[in-house]
Structure formats: structure tokens, C-alpha cells
Amino acid sequence: MPTLIRPDRLRQLLDAIVDTLGAEPDGPAAADRVHLSRFHFDRLVSAGVREAPGALRRRLLLERAAWQLSHGMSVTEAGLRAGYDWTESFSRAFSRAHGISPSGFQASGRDFRIGAPNGVHFHPPDGVRLPATGEESGAMDLTDRLLDHDRWLTDQLIERAASLPAATLDREIRPGHVVLAFDGPEQTVRAMLDRLVWTKEVWTAAMMGHPLPDEPDRSVGALRARHATSSAQFRGLVQGIRERGEWDDAFIDALCDPPQTFTFGGAVAHVVTFSAHRRQVLLSALAELEGVTPDSGCPIEWERLRMARYPHAISTLRGTTP
């Protein structure tokens, strides 16, 4: 969605429209919320989303009405919530927009969205869905997000460990803790961090047909360097598998005793799954050692940090819950 204004400013303008969806139709209301004249507000929104604010607001209300109708709301109630005092007026507007009457829409199974020039649509139950803009558009798929969040959070864990004394890192904070039997016990923070990095090193070697890595240095400085190398190699390897469509291709891992066969997709899923588990255990263990509340390690929070200067994908419609 190309814009002529900054994405964060566009978000403010769209939020102003969203805030008026539950109110009586009032042209200047949205402009007043962002301290603009009606003329400048209309001009900026039209330039940003290629749709006049009034038309955008009416379309969102009619999309919401369609969704409400498909979920059992009466035609009269949906029309009132969309700002129409008369059912006949609502029916005419709805029919023009959706190509079917409100009563007919209820049983039609149609999508509630109306064709739009900008990808901005109502998002059930009370939100607005915005398309990616600028650097967001097409920048990361799910695989990228999983790998980059893993790399970022593991870096954070290593840096937190660097602030602790060596004796603390080697304390048995989780006695008897084993994630996978063949990896051995992971009872200390140092052992947990080592296994988190070692897993990528070993599986990258197996998938690339390289020799098993040497016995690793487990100092914090070495863990930092090892992770920088292994995470970059693993990400590049996974990107190549994805681009070539090799998820279901199989390889024989001669590093196993006896050798075993795995698919590339299964191996990647294994690394991602157990890395996520180890990170959560480490977050809890480090918080306990530091005497603080554990962080969630949630990818949503990481993504918000990464996308802080862009509008979020979902904007809440405050005060409009049916």
C-alpha cells in the first residue's frame, strides 16, 4: 500500500476513523481527533490509502454489518449499528456494496469484505485489518520469523548469562533436568545454553554433510561467538531448503550411530521445537537466579520491537463490541 505520508502518521489518521465507527456519522469528528482541518484530514487519508475517509468509514461499517448478519444479528439491528436510521436506507446501501440484500446475505455464506483499493478491511469481531506497508511488505514469512526470533532471544539469554558469576552459571538450578536423553542432563544455565547452541551446530553439520563439530568451548564469550556463527549458518541453510522446495527431501545422517534417515523439514522442525523449549526453561532459570519475574519470550513482543516504526496489523475498534 504505497503512501505519501509516514506510516506512523497514517496509523494515527486511520485510528481516528476507527474511533468514530461506533458513533453517529460526523464528518469533522475524525479530523478533530488528530487536530487537523477537515480539508487536510481528507487529503492526507486519501493520499495514504487511496480512498476518501467518508467512503472508507462507510465501507468498514457495511463490512462489519455483513459479518454481524452472518452471525445472527437482525437486519434492523445491523443497520442501526452501521449508522442507518431506516432499514430501507441500510438495505439500499448494503445491496449496492455487496450485490445482495441484507436478508439474502445472512444465508449466502459470502465473505463480508467489499472490494477495496488499499487492503484495509474490517477484522472480526471489532478490529480493522491493515496490509503490510513499506519494509513490512513481503519482508518475512513464518520461517523467517521463527528463526530470527530464536536468534534474537538466544542472544538476549547469552547476554544475561554474561552478567552472572561463573559459579552461578554452573549451579544446578534444575537438578535432573533432561530435554532429550541423547543430549544428556541440562541442570545448569551453562549446560542449557551450550545445548541450545550445540543443537544448531550438530544439525547444520548433519544437513550439510559436514563433520561433527569439535568439543565446544562453553565460556560465555565462546557461546556468543558460536551462536553468531551457527544461527547464521542454520538460517541460510533453511532459506535454501525453503527456496528449493526441499522440505520433504531426505538425507542420511551418518553422524548418528547407527546412521538414520531424516527429512529436511523434520530436522528443521526438531531444532525449532526444542530450541523454543530450552529458551523458555532458560528464561525461568535466569529470572530465578537474578531474582526477577520471568519474561515471556513471546514472538509477538519481539515483532513489535522490530516493527516499532510501522503500523500494527490490527487496530482495535474501541467501544463497538456488539
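**Cavity.** I looked for cavities in this predicted model and found one of 30 Å³ or more. I took a cavity as a set of points on a 1 Å grid over the protein atoms alone where a 1.4 Å probe fits but cannot get out; points are joined across faces, edges and corners, and a volume is the space filled by probe spheres set on them. The largest cavity has a volume of about 40 Å³. Its lining (residues with an atom within 4 Å of a point) consists of L147, D150, R151, K200, S231, F234 and R235. Helices α8 (142-162) and α11 (220-244) are the elements giving two or more residues to this lining; helices are DSSP runs of H or I, at least four residues, numbered from the N terminus. I sorted the lining by class and got two nonpolar, one polar and four charged residues.

**H227.** I then looked up H227, which sits in helix α11. H227 counts as buried because its relative accessibility is 0% (buried is under 20% relative accessible area, 1.4 Å probe, protein chains only). Leaving out residues up to four places away in sequence, I list R151, T154, D155, I158, V197, K200 and A232 as touching H227 (heavy atoms within 4.5 Å).

**α4 and α6.** The axes of α4 (residues 53-70) and α6 (residues 87-98) come within 10 Å and cross at roughly 95 degrees. I therefore noted the two helices, α4 and α6, as roughly perpendicular (65 to 115 degrees). From α4, the contact takes L62, E63, A65, A66 and L69; from α6, F90, A93, F94, A97 and H98. By class, this contact has eight nonpolar, one polar and one charged residues.

**Conventions.** Residues are numbered from 1 along each chain as its sequence is written, and side-chain values use heavy atoms, without hydrogens and water. Local features need pLDDT of at least 70 and side-chain atom pairs 80 or more, while totals for chains, interfaces and linings use all residues.

Key
1 Å grid on protein atoms, 1.4 Å probe; cavity = no way out; pocket = protein on both sides within 12 Å on 5 of 7 lines; lining within 4 Å. Nonpolar A, V, L, I, M, F, W, Y, C, P; charged D, E, K, R; others polar. Buried < 20%, exposed > 50% of the residue type's maximum accessible area, 1.4 Å probe, protein only. Axes fitted to C-alpha atoms, helices over the stretch in contact; angles between N-to-C directions. Parallel < 35°, antiparallel > 145°, perpendicular 65-115°, else oblique.
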